[in-house]
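Trainee: I would like to discuss some local features of this structure. May we take them in turn?

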Amino acid sequence: MASVKYYVVWVGHQPGIYRTWADCQAQTKGYPQARFKSYESELEARQALEKGWQKSLNFSGNGGTAATAKGKTATPETAPEVDYNSISVDVGCSGNPGIVEYKGVDTKTGEIIFYQGPISKGTNNLGEFLAIVHGLAYLQKQGSNKTIYTDSVTALSWIRKKEVSTNLVRDASTEEIWTLVDRALKWLKTNTYTNKIMKWDTRKWGEIKADFGRK
């Protein structure tokens, strides 16, 4: 028998405590910067709701990331269940730096929605970043508020900050990927979106649906 969970929504359409994931999702899906988490008991949930999301999620106040007691960046929270009405993105990189390609797929069916590559020289993280922005631009054109899944914590942080931090030099060999990155950064800074971008929980759900199978 599945354990009972209590879902705390601090930031959403209507904050509160909900008994099912469906109810929690109804309050958070499509809500910019929604904050929520599941708990095993009602008491824990009520205490967390009263404390607020900053304390309950150990929010550091620095770029929207959480930090552990040892000062390490914590993995962004994932939803307790997969939202299959979504797209998943991933990158394939032959060497790092090396040849880069990325794709976005329907999370439920695995059908490829978009594909880019091969890009002559780049890094895994830059490819992940480009895949997310490509997904956002694609969904905007479709008028869709679907969630985007990625397994890259680094790319998620770059999306939040609207800037990238990489040691990849700008020269003739990397001109192609830097042109795409600059275009993606411009898109982020001149467009708004309400799509949720979620961390894919590989430990619980297996490899992300867009995985290139090269691990």
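Trainee: Which residues does serine 152 touch, not counting residues up to four places away in sequence?

Mentor: This is a predicted model, in which local features need pLDDT of at least 70, side-chain atom pairs count only at pLDDT 80 or more, and totals for chains, interfaces and linings use all residues. Residues are numbered from 1 along each chain as its sequence is written, and side-chain values use heavy atoms, with hydrogens and water left out. Contact means heavy atoms within 4.5 Å. With residues up to four places away in sequence not counted, serine 152 touches Asn125, Glu128 and Lys199.

Trainee: Is serine 152 buried or exposed?

Mentor: Serine 152 is in the loop between strand E9 (147-150) and helix H5 (153-161); helices (H or I, at least four residues) and strands (E, at least two) are DSSP runs, numbered from the N terminus. Buried means under 20% relative accessible area, exposed over 50%, and partly exposed in between, with a 1.4 Å probe and protein chains only. Because its relative accessible area is 6%, serine 152 is buried.

Trainee: What is omega for the cis peptide bond between asparagine 96 and proline 97?

Mentor: Proline 97 is placed in the loop between strand E6 (86-95) and strand E7 (98-106). Most peptide bonds are trans. The bond joining asparagine 96 and proline 97 is cis, with omega about 10°.

Trainee: What is the phi of lysine 162?

Mentor: Lysine 162 is found in the loop between H5 and helix H6 (175-190), and is partly exposed at 33% relative accessibility. Most residues other than glycine have a negative phi. Although not a glycine, lysine 162 has a positive phi of about 60°.
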